[in-house]
Amino acid sequence: MPGLNESKWLVLWRKFALSALGIMCPEILLSMGASQWVGARQCVKDFASLASPPRPVNDPESQTTTNATDPVSEKGMDGEVIDLPKAFYIDMGGFRVKPKDADSFPANGKDIYWLVKEGYVRQPLFKRSTMIDEKNKVDYLLRIITILQISYFTIGVIARWVQHLFVTTAELTTFSFVFCSIL
């Protein structure tokens with residue numbers, strides 16, 4: 001998630017850098033994604049362990065409060081289930097912690113879990129189920145174009161293989177990435 005005061009140019013530069021990294025070293029992006037997936041699954045397990053009735057906040061004058069980048073409820077757990085999309089949102093810094101004597105900072109799943117477990121803050125509740133969906137900025141037209149390109153490429157490689165024509169090493173590598181991505 002972009003920082004509070006980051007310019008659009010910095011966000012665009014970061015996207016460009018990640019795209020270039022994906023072209024040059026796709027295994028690094030794969031390992032980053034796998035690491036985030038493992039972290040989100042652990043976040044789901046951690047919050048599931050707190051499924052008992054909510055613990056009251058220790059002290060109304062506590063040194064730490066939460067300040068979400070999106071609206072959250074002021075209530076306790078109320079049976080809220082943290083599923084994988086919500087865990088990804090929490091883990092990517094979707095909530096900010098604002099200590100009384102310091103600037104706010106994005107907190108990951110481990111930070112929020114510890115604060116909730118120790119009773120410093122209540123578990124964040126998502127007011128709307130679409131709150132995360134609103135953050136999805138990928139255009140559906142772009143998704144359709146990507147699916148068409150992948151389909152055209154895949155059909156072309158398979159057709160040439162069936163006709164016993166040559167398939168280059170780069171095409172085989174690309175085909176294997178497409179195949180693994182679909183799986």
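I started at Leu29, which is found in helix H2. Helices here are DSSP runs of H or I with at least four residues, numbered from the N terminus. This is a predicted model, where local features need pLDDT of at least 70 and side-chain atom pairs pLDDT 80 or more, while totals for chains, interfaces and linings use all residues. Residues are numbered from 1 along each chain, and side-chain values use heavy atoms, without hydrogens and water.

**Entry: the patch.** I found Leu29 again in a nonpolar surface patch of about 290 Å², together with Leu18, Ile28 and Met32. H2 gives the most to this patch, with three residues. Patch residues have over 30% relative accessible area (Shrake-Rupley, 1.4 Å probe) and no salt bridge, with nonpolar side chains joined within 5 Å and like charges within 9 Å.

**Entry: H1 and H2.** I then looked up helix H1 (residues 8-24), whose axis comes within 5 Å of that of H2 and crosses it at roughly 115 degrees. That makes the two roughly perpendicular (65 to 115 degrees; under 35 is roughly parallel, over 145 roughly antiparallel, the rest oblique). Axes are lines fitted to C-alpha atoms over the stretch in contact, and angles run from 0 to 180 degrees between N-to-C directions. Leu18, Leu21, Gly22, Ile23 and Met24 of H1 meet Pro26, Ile28, Leu29 and Met32 of H2, with contact meaning heavy atoms within 4.5 Å.

**Entry: H2 and H4.** The axes of H2 (residues 26-48) and H4 (residues 109-117) come within 10 Å and cross at roughly 5 degrees. I noted H2 as roughly parallel to H4. Cys43, Asp46 and Phe47 of H2 make this contact with Gly109, Ile112, Tyr113 and Val116 of H4.

**Entry: charges.** How many salt bridges does a search of the whole structure find? I found one (a Lys or Arg side-chain nitrogen within 4 Å of an Asp or Glu carboxyl oxygen). Glu171 pairs with Arg160, their closest N and O atoms 2.2 Å apart. Glu171 lies in H6 (residues 169-182) and Arg160 in H5 (residues 140-162), so the pair ties together parts eleven residues apart in sequence.
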